[in-house]
Amino acid sequence: MRLFLAIDLPEKAKDYLYNFQKNLKRDYVKVSWVPKKNLHLTLKFFGEVDEKKLDALKAELKNIKQDSFKVKLKGIGFFPDEKEPRVIWVGIQPEKDVVALQQKIDEALLLSFPSDQKFQSHLTIGRIRGVKNPKEFAKAAKELKVEEIEFEISSFKLMQSTLAATGPSYRVIEEFKWE
């Protein structure tokens, strides 16, 4: 099973990001946009996990305690950078609570699912397949101001990702809520 942990977004944020993607479309760039239903904030990517380890993983995740917190969409960025953009993302502010949650997850799973992934809080909105003028595209993208839509985070989800020619499809395995 191909698994990851994610924070789901409220419909208001998904609707906004979907419209933001449409406003970013340019003739000189080819982008695979993340479908609205798939927009999320990844906390940890596991990759392939033996189904026999699923119950133990869920048990460890249930022990993570966290207070709910509010964040807002903030700014646009690119991986690896603006000169050679491959991924377009929207940021989350303040990052500290998301980073703290992600660190709690890494600590809880340190022995069973160790990770050396560097975490950066972001929402991937598209993957660039080709761009004629990266500098011009980055400038145009940054000129579109991201509306600071605020929302509360009070849970995260263990998700299964199934890859297909039409793109990935996601299925919620379990949601972990807190007060």
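Me: How many residues does helix 3 have, and what span does it reach from its first C-alpha to its last?

Reply: In this predicted model, helix 3 covers residues 96-108, which makes 13 residues. From first C-alpha to last it reaches 18 Å, close to the 18 Å expected at 1.5 Å a residue.

Me: In what order do the four strands of the open sheet stand, and is their pairing parallel or antiparallel?

Reply: Strands of a sheet pair through backbone hydrogen bonds, either parallel or antiparallel. Here four strands form an open sheet in the order 3-1-8-9, and the pairing is antiparallel. Strand 3 and strand 9 (169-177) stand at the edges with a single partner strand each, so one side of each has no neighbour in the sheet. On average, neighbouring strands of this sheet are turned by 25 degrees against each other, direction ignored.

Me: Which helix packs on the sheet?

Reply: Helix 2 (residues 54-62) does so, touching strand 1, strand 3, strand 8 and strand 9. The direction of helix 2 makes about 45 degrees with that of strand 9.

Me: How many bridges join strand 8 to strand 9, and which residue is the bridge partner of Ser161?

Reply: Eight bridges join these two antiparallel strands. The partner of Ser161 is Tyr170, in strand 9.

Me: Does Gln160 count as buried or exposed, and what does its side chain join?

Reply: Gln160 lies in strand 8. Buried means under 20% relative accessible area; at 15%, Gln160 therefore counts as buried. A polar contact of 2.7 Å joins its side chain to that of Arg171. Beyond its neighbours within four places in sequence, Gln160 is in contact with residues including Met1, Leu3 and Ile173.

Me: Where does Ala164 lie?

Reply: Ala164 lies in the loop between strand 8 and strand 9. With 48% relative accessibility, Ala164 counts as partly exposed. The C-alpha atoms of Ala164 and Leu54 are separated by 23 Å, and the two residues are 110 residues apart along the chain.

Note on methods:
Residues are numbered from 1 along each chain as its sequence is written. This is a predicted model: local features need pLDDT of at least 70, side-chain atom pairs count only at pLDDT 80 or more; totals for chains, interfaces and linings use all residues. Side-chain values use heavy atoms; hydrogens and water are left out. The expected span of a helix is 1.5 Å times one less than its number of residues. Two strands pair if DSSP finds at least two bridges between them. Axes are lines fitted to C-alpha atoms, for helices over the stretch in contact, and angles run from 0 to 180 degrees between N-to-C directions. Contact means heavy atoms within 4.5 Å. Buried means under 20% relative accessible area, exposed over 50%, partly exposed in between (1.4 Å probe, protein chains only). A polar contact is a pair of N or O atoms within 3.5 Å; within protein, one must be able to donate a hydrogen and the other to accept it, and residues adjacent in sequence count only if both atoms are side-chain atoms.
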